[in-house]
Structures are given as C-alpha cells and as structure tokens.
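Me: Hi! Could you help me look through a structure? I'd like to ask a few quick things.

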Amino acid sequence: MSRIGVFICHCGENISRTVDVERVALEVGKMPGVAFSTDYKYMCSDPGQNLLKKAIQEQKLTHVVVAACSPRMHEKTFRKAVEAAGLNPYLCEMANIREHCSWVHENKEEATAKAIEIVGMMVERVKKNRSLPAITVPVTKRALIIGGGIAGIQAALDIADCGHEVILVEREPSIGGHMAQLSETFPTLDCSQCIMTPKMVDVANHPKIKLYTHSEIELVEGYIGNFQVTIKKKARSVDEDKCTGCGVCMTKCPQKKIPNKFDQNIGMRTAIYVPFPQAVPNTPVIDRENCTMFKTGKCGVCQKVCGPGAVDFEQQDQLIVEAVGAIVVATGFDLYTINEKPKGSAIKGYGEFGHGKIPDVIDGMTFERLASASGPTGGKILRPSDGKEPKQIVFIQCIGSRAREKGISYCSKVCCMYTAKHTMLYHHKVHDGQAYVFFMDARTPGKSYDEFWRRSIEEEEAVYIRGMVSRLYQKGDKIVVMGSDIAVGVQVEIEADMVVLATAVMPQKGADTLAQKLGISYDKYHFYSEAHAKLRPVECATAGIYLAGACQGPKDIPETVSQASAAAAKVMTLFSKDQLEREPIVARVREAGCVGCFACKKVCAYGAVEEKEIRDRQGNLIKVVAYVNPGVCGGCGTCQATCPSKSVELDGYTDEQIVAMIEAL
Amino acid sequence: MTQPIDTSIYAAITEAIQAEAKRLLSEGQVSVVIGYAAGRRKGSVQPVVVSDAAIADKLIFTPASVNNLAVYLTKAKKEIPKSGKIGVVVKGCDLKALVGLMGESQLKREELYLIGVPCAGVLASTVQPDTVLTADTIASKCCECDAHLPTGCDFVPNVTLPTRPQLEWKYAAEIARLEALTPAERWSFWKEQFAKCIKCYACRQVCPFCFCEQCLCDRNKPQMVESTPRPAGNTAWHIVRAMHLAGRCAGCAECERVCPMDIPLNLLNRKMAKELKELYDYEASLEVNEKGPLTSYTDKDDQSFIK
C-alpha cells in the first residue's frame, strides 16, 4: 500500500495568489493512497526541504509529490532531498501548479479546482513509479569548440590550459572572427589586432589544441560525455604541412581583383590568399570559384612559384571523425544586410537608406576596416566612391534593431558604444571633420561605458541628434540625410559626405542548420537558447553542449570573453569526473511483445536501439528483438509512441502511468 | 451490361505453377510451397501448404484465388517449417504486402522463392466462387490494381495478360463522395459503419501487416482499447487499425473480404493511402523501403497542420 506524501508550495505568492493552497492540501489529503499532505511558503528553501525530509521519515512515506513549479525548475532539488531522506529519488514527482495553473489563471475558485486535479493526476502516476538506479557513462575528456572567434579562442585556451584536449573548428580559412576585423575597441581604444593576435598565436602553438580551419561540422552523434563529431575539412588546395607561409604564391597570382570579405569587400585580394596578414594558420587557401586554374584549367602560376611544392589542385574535402565529451558553440554573429530581404523571414529590408545603391552609405563593420591600420586604406578614412576624405559624416543608430515593425525587436547592444567609438576615431583622423549621430537612446551600461560616450560628445565634438532618419539620397557627390530632431521638434537635413549605419547584430547564416545538427534549440531570430535565462546562461537544454558569445545574443567583447570562460568552466566541471551519472529515464523493451519490426530503431534520434537475438538453451534463434542501450537513450519516448504493439516503454512515463493520469481526471 | 473478363490464361498459369512446384520440391530447393488448391464447394479455392512433389498438382490458380498468402509467412507461420526456403504463390497485391514485410524486418528475401502470378483479377467476396469473372463480379480492388504483373519474382509463368475492359473505380468514387461531405456527415457515415462491428477481429487476423504477437488491443494493463463491441471501443479499434496501416497497407482488401458485418474497411485503407500519397508522395510499392513516411522525418514534410 502506498503512503504518499504531498507537499504544496505557495511559491511566495506566485501560487497562493491564485490557488487556495490550503484547500488543495485538504482535498488531496483525502485521496486514496495519500498519507500526508501539507503546504508551505517556500518548499524549495532549506526549512521547506527539511519539512519534506522529516515527513518522509516520520510518516514512513513511500512516494512523494511536490506540487510547485515546473519540474525543469526544481525536480532535481526535490529528488535530491528525497534521496537524502532515504527514498529512491525517482519515487518523487512534481505537479506543476505554477506554470500550468496559477500563472495562467485569474479565477481563484477554478484555479484551485484545477490544481487539485493536477495534483490528483500526479498522485496516481507516482503510485506506479519504480525505484530506478542511476546510470553511469564514461566521459571522453576532449572538448569540441565550434567557431574560432574571440569566444571560441577564449574557451579553447581555458580548457586546454586545464590540461584537456580541445578540437577547435572554424569555417573560415583563419581563426580570429569579427574581433580581428575591428580597428580599436571600446571603452579603452586599444587596438583589436594587438590584443587578439597573440591569443590566436597561443591557440596555434598550444600542444593541447587541434585546429581545423576552413572546416565545418557535418554530423553530430552521441550524447553528453560521448559525442562523435564528423568534421568536413574543406579542400584548401594547399598542403598545410608543406607550406611555409612565405606568400610568394599570393604576389604572383594573376587574379588580383577579388573583393576581400575580411575587408567588407572594399579591399581586394588574390585567388590564392590568406584573409589578412596576421591569419592563423598562415597558410593560403585557393578560392576555387575565382581561380583561373579551376575555371579554365590553365594557369598554375602559384604551383610553379611555390618552393616547397605545397599547392595541390587535386586536394579533396576530407571527413574526419573526432570523439569528444563536450561541445562549446561559439559561432558568433553576422550583421544585418539591410538592402536584402531574407527569404521566408519576417524581416523587412530598409530600401529607403540606399545601402548597396549609394556607395558611400556603409555599415559599421566597413567603417572599422577603413579605420584599421591594416585595412584597405591603411587606416585613412576615405570614401569608397572617390577616395576623398569625408568632412561631414553621419552615423545612424538602430538600423534594424528595436524596430518591431521591421521584424527585429531586440536591441543589438553594441552599436551605441561602437558608434561613440567611431566618432572618436573619425575625429582623431579627420581633425576638421564633423560627425553627427542620429540616435533613439544611448544605452551605455557597463564599466566606463557612459564616461566613454560622454567623452565622444564633450571632448570629441560629435553632435548627437535624438531622432530617426526618414530618407537618404544622393545629390551630386553629397548624400542628403533627412531626419528629425525630436528634442527640438524640427526637421533636420544634413549634406553628408559619408553615412555609417549601425546595422543590427544577427546570428550567423546557417545557425539554424547547425542547431539542428546539434539538437539544440534556437529562438525566432536563430539565436541559440540557453537552458535558463538567469541560472544556466551558458548551458543548452541539451546536456553536454554549451554556448559562448554572440551566437546566443548580441554581446560585446568583455561579455563574450566572460561567457566563454564560464562555458569553459562548465566543460571542466564535466571533465572533473571519470564517470558521469545520468538520469535513468530511459526506454526499456518488453521482449515478450516485441516482434522486431524495428520501427523504434528507425525513429530513434539517438541511435540507441540495437538488434538483440533471443536464443534458447540449445542456441537456436527464437527471435530478434529491439534493445535500448541505456547509455545512449535520451529518454524522449519517441519509440514508445511509435511501437505498434506498445512493447517499449519509457521508465517514469509508462503507458500504465499515463493512462492512470488520464483516468484520474 | 456485363462485360466478361478474359481469364483463359489462368489454366496455363495453373500448369506452370504445378510444374515449378514439382521441380522445386523434388530438387529440394524449397521445403514447402504455399499456394491455392480446390476447396470442397464447387469452384471454391483454399490456401494449401504443399511439402511433397507428388501432390504438387493440387496447386491451382482461378478467379477464386482471393487469399493473400503473405499472412502464412508471418503470424500464421506456425504451420510452416522453420528451416529452408519457402515457395509462395503471389499476385501483385500479395507481393506488395511481402515487400512491405521485408522493409519491416519480418521477412528476408533470400528465404523466399516467389512464384509470381500475372493476374487479370479475382472474384468479389459477394459472389459464389464458381461465378464467371465479369466487370460486375470482379473484386473492387482489382479494378484499381496497378500491379497485374508482379516484378522481382523468382519465377513468373510465361503468359500474356489479356487487355481488360474499362472498369469502374469504386473506391476512388466513394472516397470522392465522402470527401465532398461535411465533417459531421462524414463522421456520421463512419459512426454508422463502426457501430456494426462485433469485434471479431477477423480483419486483424487476416491482415499480413497485423503481425504483432501481442496486439495492443488485447492488452489489459493498461487497457488501450475497450474490448467489448460498444461504439466508442469499436471506433477506437478501427482508428488504431487505420493509423497502423497508413503508409503500409498494400491494398489486398482481405480485411474487407473477411468482415462478416460488411464494414468497408478497405475504403478507409485507401483513403489513408491517398492521404499519405498527397502528404508525403509515398505509396506501398514493389520496392523495399527502409523507412516509411511515418517513421522518417525530412525538411520537406508537410508542416501545415502546425497552427
């Protein structure tokens, strides 16, 4: 006979505001099998948990139902408390009367009735719970980092410095990411390259870091502690082992007019190239789409001039499988290309700003390249159209960001600060120039940030105009900027030489495809979702996968670096144990009923279902049935839903339990 | 106006089956041949398992050879020896079922010797077995058949299929009629049909795809489907059956043939097949498919039901 204890939480007022918790306790106490029921203000607090432990011992409880918040919030907490009191943790279930009840209802009478039913269902379910022993799986102490920007680099260095092997995969031919493109960084104006490149070199030289550049993730299989990752190493057409990085091939390549993506397409590069001189690895790659040899079959100059004979036109893409225990996703961001309307997206373009049509309307990242000492103009601010120095420059903030009607409602977070920085860089380089900034609000929380912004106005003479721009058009060699100054209430018209748009920070293109390979969730903009916005900000809901940097949401460099180190700390926590204990919520096959149609095997997303032969004592084959590998099973229950004869069941969610819950209604 | 259907090739097929079975059994290539033999009633035909070459001439093929013999390879296989290759006589519709079973790991192609029958059609279950095959007496499934000539068999009698007269597509017409109704009208049609069910489970027993050793409808812990023939439980059973057969049913219409209450079961199966064809461009065929549409996911899958 069950002796079930039911513990009803007020959650401060979160539940008790709309649910009469005392009445729930009273009514539930009358249910068959319930030996004890009570309510308490904060069940998850120390006194709350003690109350639960004491009741288990004093009342000789066999099962526990905690009626409180979502099991995603505190199931672990209460199962631990139950275990401490001497019961198997899986004899404890949670009834969600907060998210499923009090938060979504207003009428107290009805909400209370519903709460009683929710608890009643869980009472019936917990009666059929079995004690489950924990499952242990080995941990592969190697980490995979996806993305070689500052986030990936920081996480890789932290984990590798702790003594664990790291696989760093970067899509581009060099690591460095967007930070390598920046000129100087706020709020200290130190040169981005100067602080970034030493870290890139550290990665390249670290004995524990294995670097795959010009490579992409093809397939991810397995689970926490035991992932198998297939990496596609795209053909570089240059043998990395032979190449010395002398660069003769690049000087001799006849194709010299290819827009360089690293320089935001304003600088040119050759067909065999490194994206920038400080690239890591310093091994060129052949851009096969633009290479004369690949287009016409005639040229091969680079191969002829290469001393060590590293150029290899025959090189093929390679698939490499690496076993890792944890994955850090650090794929970073992309900037909103406002003249494009992404297909199938709610995001509408900004045709009125002439980006892509008026050559001197550029985005923030292009300005970074113009201001960068290693950029295409050698650090001089020059107009892309005619190479003249702009004397009047207009910066426009919030292009895309915070524009619900245009499809993006979030704030891109870094633009206020980088625009303030741009006005300073401009003022330092063009002494007789004037910078104007159209802005909605200046958002400058952060250490020394507001001081930095004030400096751009008070010392560097930038003119800030609160208001938005309605239209831009070319007039002679000027760009007419029509906007409003809402502080004064007048229309403003500025004849500018150049316009810089602070376009929205967006996730990388293909972020959704990668998420699907990894099995992690993402929001409507394709930013990756953390497991809990406040308490688990660097973990994915999928165990063993962590997030770092702007792939999770817009971030500046200090924040990205902190998050990368936090993700690394999570990985190191995982690697601190040889065996990993995991939830025993796994599927089991009822072999008597299984006819071996293997529908379960076909639908299993984890590859957990195997074929098992059943033989008699003489060794004659009786039948082949399905077997679920408990180490691999993710506990999703898809097999249970698919099995035509209901011969596979998920522990804790058996058909009997689900039917009992329905019947309790 | 009754248009006769030419079944003159069936005599040659019978002879060819007998000769092939005799050869296979005497050479020991197969342990048994599953086929059709004459029944006791005039013109009737019954399934037979022949294990001796001496009685191979019992095997026949006539318009009354309606049974889908695939069922003798799955749950009715208790009669069949466990070792050795098994010869089986198959019409196109039966072969589709066999192919489906291969995709679901129930049969192995190398363990079977398939004797394919070019088939012009068989008799409807509503007529006497000695009736002449005509446009009126032919089974409805045969009117819409697209597999008169089985492919991929080990042996097919060398005969030429006669051309058939234009036949009426009864299932297609009935589906169109039902689709034109309102959901409420459609529901009342099926409610009436399911109300007739006596839960004899003959449809389940005859279906080659109902190969589970323990049907979920027989389970009582928990009871998934009510066991007594009440309207709610009947409906539950027929929905389970239709959903489990969606994308698998080969259209042999054995369920409809054996139903003592004349429930149009194959009509439901055909409607499900049509849905699957429209949603996933998938239908039961003569090719072995590793994954059916309901056990696979692709980016192109219809998502319109998510609202």
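This is a predicted model: local features need pLDDT of at least 70, side-chain atom pairs count only at pLDDT 80 or more; totals for chains, interfaces and linings use all residues.

Me: Okay, which strands form the open sheet in chain A?

Reply: Five strands, in the order β10-β7-β6-β18-β29, with parallel pairing. Strands here are DSSP runs (E, at least two residues) and helices are too (H or I, at least four), numbered from the N terminus; two strands pair if DSSP finds at least two bridges between them.

Me: And which are the edge strands?

Reply: β10 (209–212) and β29 (545–547) of chain A, each of which pairs on one side only.

Me: How many bridges join β6 to β18?

Reply: Four bridges join β6 (residues 142–146) and β18 (residues 326–329) of chain A. L144(A) stands opposite I327(A) there.

Me: Switching to helices: at what angle do α4 and α17 of chain A cross?

Reply: Roughly 145°, and the axes of α4 (residues 108–127) and α17 (residues 655–664) come within 8 Å. Axes are lines fitted to C-alpha atoms, for helices over the stretch in contact, with angles from 0 to 180 degrees between N-to-C directions.

Me: Last one: how many residues of chain B are in contact with chain A?

Reply: 17 residues of chain B, touching 15 of chain A; contact means C-beta atoms, placed from the backbone, within 7 Å.

Technical notes. Residues are numbered from 1 along each chain as its sequence is written. Chains are lettered from A and ligands numbered from 1 in the order in which they are written. Two residues are in contact if their C-beta atoms, placed from the backbone, lie within 7 Å.
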